[in-house]
Amino acid sequence: MTDSIIVDTATRIFADLCEPATINAAEEGKWPEALWNALEENGLTLTWVPDDLGGAGAEMLDGFAVLRVAGRAAAPVPLAETLMAGWLLAQAGIEAPAGPMTIAPVYADGNIELGPDGKLRGRARDLPFARVAKHVAVLARQGGGYSAALVEAAGLNIRQDKSLAGEPSDTVSFDGATATAAKPANGLDLAALVRFGAAVRTQQMAGALERILDQSVQWALDRVQFGRPIGKFQAVQHNLAQLAGEVAAAGSAADAAAEAIAERGINGNAVDSDVAVAKIRVGEAAGTGAAIAHQAHGAMGFTYEHSLHQSTRRLWTWREEFGNERAWARRLGRMVAAQGADQLWPFITQGS
Amino acid sequence: MTDSIIVDTATRIFADLCEPATINAAEEGKWPEALWNALEENGLTLTWVPDDLGGAGAEMLDGFAVLRVAGRAAAPVPLAETLMAGWLLAQAGIEAPAGPMTIAPVYADGNIELGPDGKLRGRARDLPFARVAKHVAVLARQGGGYSAALVEAAGLNIRQDKSLAGEPSDTVSFDGATATAAKPANGLDLAALVRFGAAVRTQQMAGALERILDQSVQWALDRVQFGRPIGKFQAVQHNLAQLAGEVAAAGSAADAAAEAIAERGINGNAVDSDVAVAKIRVGEAAGTGAAIAHQAHGAMGFTYEHSLHQSTRRLWTWREEFGNERAWARRLGRMVAAQGADQLWPFITQGS
Amino acid sequence: MAYNFHFDPVELPAEAKELRQEVRSFLKAEIAAGSFDPHTGRASNEQARAFARKVGARGWIGMTWPKPYGHGRSHLERYVVTEEMLAYHAPTRHYSTADRQSGPVILRYGQEPIKQEMLPRIASGELCFCIGLSEPNSGSDVFAASTRATKTDGGWLVNGRKIWTSNAHNADYMIALLRTSPPTKENRRHGLTQFLIACKSKGITIRPIINQTGGHDFNEIFFDDVFVPDLHLIGEVDMAWKQATDELAYERSGPDRWTETLSVFTEFLRTAGPEPDDRTAEGIGREVAHLATLRRMSLSVAGMLQAGKTPAVEAAVVKDLGTNWEQALPNQVRLMAPERGDSTPESNDDRFEQALRHMTLIAPKLTIQGGTREVLRGIIARGLGLR
Amino acid sequence: MAYNFHFDPVELPAEAKELRQEVRSFLKAEIAAGSFDPHTGRASNEQARAFARKVGARGWIGMTWPKPYGHGRSHLERYVVTEEMLAYHAPTRHYSTADRQSGPVILRYGQEPIKQEMLPRIASGELCFCIGLSEPNSGSDVFAASTRATKTDGGWLVNGRKIWTSNAHNADYMIALLRTSPPTKENRRHGLTQFLIACKSKGITIRPIINQTGGHDFNEIFFDDVFVPDLHLIGEVDMAWKQATDELAYERSGPDRWTETLSVFTEFLRTAGPEPDDRTAEGIGREVAHLATLRRMSLSVAGMLQAGKTPAVEAAVVKDLGTNWEQALPNQVRLMAPERGDSTPESNDDRFEQALRHMTLIAPKLTIQGGTREVLRGIIARGLGLR
């Protein structure tokens, strides 16, 4: 089970310092310094880094729980990315620096290489929050394997773009950059990094879905049409009940992936299938759920001043990152088919 | 426009002679003789056969309109098959005999051959109503082309099976059978026959969908729960409104295919795309529509004694025959893609 | 916060994992012995009865009931047994209703002599139960029931009619919801009482209702001055609305709510082979993601029950998601299946075709039986604070 | 019979087919001249105004209005012009509301001097209109409007607030639904009146509402003692509920109700190329089937209007189906698109990516604007005799 103090701390910080206005301001380029500092001061940014490497040394599940809360808050900071970066560095025994980080690459066909001269080569697209990161944790090919490398962001060539959520999503060239530290990644490969990213995104999505359910129910209770709250109309009730089902399924699927990783590590087929299930199911819930929430909110939910879009736009972004439903479904489908029909049920019940 | 006398006649005959009990009895193997005879005596079974070949010489659209009515009535007779058989024979200038007929093959990979000795060879699966047909109209390969052949059913080797609708769906071996008459099919190929069959099924489905909408609305008005007719509940109203939309779309798509065939004949890409659109859209409506109708009917609609299944089981059968949604969608998708993005709109507006 | 229901993670205890292997071995042996068809679940009534006795002998009926009525085992162990039985299409119909619903009602509200008499006989696999709930004018609205029980010397006289009673033609007993008083103005649910009724009682007529698959599961039951002894009264007179519904609603989330059409998927996997194309792989993956998630949620409810929680809304969520998924499954599979043609090898895919047909036919009932989609969404909406 | 609505087949007359070619040539020339971006429809306000003048000069605004107000042409000809404009993303925003809604209202209910003054100026492409319908507490329930018009010497004084008014910041005039009397017990729709209001009138303040795409279309409008002359009264005082809604509801079925996200599909087709794989072909075919059917139904409504029929329910059906389809389209396309990666050639698919993002963002509004899904299904249910 998770450490409730960590989760409570995160919840309190977001309640205090992650107002809708802060989130919109971040989209305009204003770095939410107070929020980030509070997270950092409370040790939440290096949750997955062991004590001896400068981190909080918390359990895997604690980190995922923090990300659930962050997703619920639509936190406009690279908390997930910094957590992942710290984790990646820790795999190689590299100490994690302070400050925001991101990871590279985010695609399984990524092609960053670490040369014998200690210099990096390659380019990575769609790196979340690259422009605000102080460091990038890179998983680079080296010889026949992979190394984790810590790179200062300052000297990198960054082409800025934005995700659908309005958050930084940048293309970064690593050509000629020198790693501050670089060590073999202890068996980790790009597929595992992407898998880990997918699991992380499912937690954030599960949180965002909880948020839009809350908002939609509240709106349905408050908004009066035809002389009564719209939540009294059967059609609205049934839609929100369906939304609740999607939220519940997403939370459950995301937790399954997190628990699998906590128990069995990031490598291996068994974990891969848990993550696949989660990314598929949560991705579907994100689409269905956002549509229902918007329908319930009417025109108000389509405005920039209402905060619904802060969650729905992130859902639409996150479902696509680290492999969308289709990509994971193909992979999972092949895995299941390869084992044969009679292994379906054992497959479903494996691990429990 | 269609000849309303023909349609009125058909409607009256089905109202008089196609009761739910008759339909269930037919499933048990009792041939609905009175119904068939009335259809035959009124010239409805050879609608598409010209006067000089022994038929009614009606317009294409009249035949399709009759099939719409027959679909609405869940008529348990090979009216569609006899109409298609008469039409197939007429393409080759072969006179149509009296009595029920069916066609062969029903798959585009059909492999019936007509040898130089006038004997047929091959086997066709899933022929609707084969066991009750007096004749089979066959489209057989001959040399490099196709011939239409009329074959007496009496001597054929028929292995009986049933469709999901409980109607005869038989495998027939034509090995060694002699054609009563055989002539070149005038440019018709198997793809065209399947295309024609698909258009025919969309009319029947459109009719069946109209029927289940009627039944569902009536049931919703009659059935009382929680002190009022269930049709007063918003959730039921919205579901039935959705059903109405599917029924309307199906009818419109089916008509488009029928009109295209009536105007431009059965050959050619343009007609192929109209039929594809219809079989895809009507097939989808059949699935969605049957599900809504059953949900509205509750447990009652699941019983054999209620007549809903007579229509829904036919919908599930017909959507699969002559190519299901997927098969036609692949074909249509290829057609559209081959023309390129800038031709999409001209493609949609072609013909009107 | 609207979102106030939860699906706790569950770790199955070691004994449950062992039990799973035990059940699988048992089923393997039964399949080998020809006790039922492992693909369709087909078994004769005699086979189903014999199977129930064997399952009873293993101690797998009434597992969670305290001793001496049952076996005092955990909800998670019971869950494992149930899902293994369903996954391998074991013929549980002789005992499943009693195990899932009737037994727990008797255990909680029955009079002591009845508990002592009935529960061990259920647990042994001997007795088959059915549930007399729906009436011609009382389907989703169970509190509109009008079949009445009138007090008489030493018992009650029952008159009226029940409908949609599954398996009544095979059942020994029924637990029926009967009207003992009119509803009150303040409480329209008042006035109904639960009774245990022997199906062979004088005055009972059972008429089969054939369904659209051609099969017989439902029945209509006519009561004509049927005598029910006082001892068979279950719970308080007129107060059935306080009993039953909520506590037992957890059973909504059992694996029977998302496995009913599963065999069409399994058979499809068999025809699809080990290296499906992209389209097929994508379709398979999507269904597996839903299945795995439903199963986790369903197991979670069992775990919460074991922990003494009352996950009523969670159970409704699982049933709503589960039945919608299993209802849609045959059509999803249909659209993955290869096109049939004259050159398709014969009977290559025959078992799949049969499963597809059967599941297409039964799919409509899945979101109706045991609480319609509309009823479930109403329960969830209430859980959200909207009602 | 419940199913008492129909979609008559339509054969476009020869002049409509010629007109289509004429419109295509016109648009081709405009695109060549850089009047708008043919892929996204982007055009500046100046470009949109200039475009309206050109379209007006062609006689393609107010086409169906009788001469001398408009051009006395058929609904089918108007339909063809409209769908071609939409299909090629022409910037019609300066005139489309007036052409579709405001003009017809003035034509039917306006006072003669107003008709003579306004309609030709609309038809020329000069005037831009907006619609003042929704209020903070009156969205789907339009008859709850409370912005009031009070009789004064020679006219009316307007006070209150309208919201979600599209394009008000560019409009010259608004047709507003205002409260002139309280509703009556018998008829809660009583007491509302339509007025023509110049947007530059003293006392009007327009506040932009930025939407989640970052764009500005909606506005909030504040009325502070705005004077509206008697001549600008449209129709009968207190009787707006008899006007407007039904006749104009046909406009619901126009091609603007199913083409709004179409460009994401077109751009996808471009990236998919001429020989897509099975999965992609299947996806494309499915969407084309929906699109072609919607278009036929929409055209059919135009044909029925031309034939003097009143296809109100049919129009609601088309809008319900159409908006649901166009809303789902971006997600359908998303799941057909190839996976992005670091080795994907840059900006290969950039126009598609941009379209996908934009359409994903606007999709939620499509089943809300101009009559929500819930309102439309209510209308259809009424047509079925359920309400």
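At what angle do the axes of helix 6 and helix 7 of chain A cross, and within what distance do they come?

Mentor: Please keep in mind that this model is predicted. Helix 6 of chain A covers residues 190-222, and helix 7 of chain A covers residues 234-264. Their axes cross at roughly 160 degrees and come within 9 Å. Angles over 145 degrees count as roughly antiparallel, and therefore helix 6 of chain A is roughly antiparallel to helix 7 of chain A. The crossing of these two helices is left-handed. As to the residues of their contact, 18 are nonpolar, four are polar and two are charged.

Let us turn next to the contact between chains. Chain A contributes 45 residues to its contact with chain C, and chain C contributes 47. On the side of chain C that touches chain A, the elements giving two or more residues are helix 7 (262-272), helix 8 (278-306), helix 9 (312-334) and helix 11 (373-383) of chain C. Helix 8 of chain C gives the most, with 19 residues. By class, this side of chain C holds 26 nonpolar, ten polar and eleven charged residues.

Finally, consider a strand in chain D. Strand 1 of chain D, residues 129-132, is covered on both faces. D:Phe129 and D:Ile131 are buried on one side, and D:Cys130 and D:Gly132 are buried on the other. Strand 1 of chain D runs parallel to strand 4 (residues 173-179) of chain D, and four bridges join the two. Within strand 4 of chain D, D:Met174 is the bridge partner of D:Cys130.

Methods: Residues are numbered from 1 along each chain as its sequence is written. Chains are lettered from A and ligands numbered from 1 in the order in which they are written. This is a predicted model: local features need pLDDT of at least 70, side-chain atom pairs count only at pLDDT 80 or more; totals for chains, interfaces and linings use all residues. Two residues are in contact if their C-beta atoms, placed from the backbone, lie within 7 Å. Ala, Val, Leu, Ile, Met, Phe, Trp, Tyr, Cys and Pro count as nonpolar, Asp, Glu, Lys and Arg as charged, and the others, Gly among them, as polar. A residue is buried if 20 or more other C-beta atoms lie within 10 Å of its own, exposed if 12 or fewer, and partly exposed in between; C-beta atoms are placed from the backbone. Two strands pair if DSSP finds at least two bridges between them. Axes are lines fitted to C-alpha atoms, for helices over the stretch in contact, and angles run from 0 to 180 degrees between N-to-C directions. Angles under 35 degrees count as roughly parallel, over 145 as roughly antiparallel, 65 to 115 as roughly perpendicular and the rest as oblique. A crossing is left-handed if the near helix is turned anticlockwise from the far one by less than a right angle, and right-handed if clockwise.
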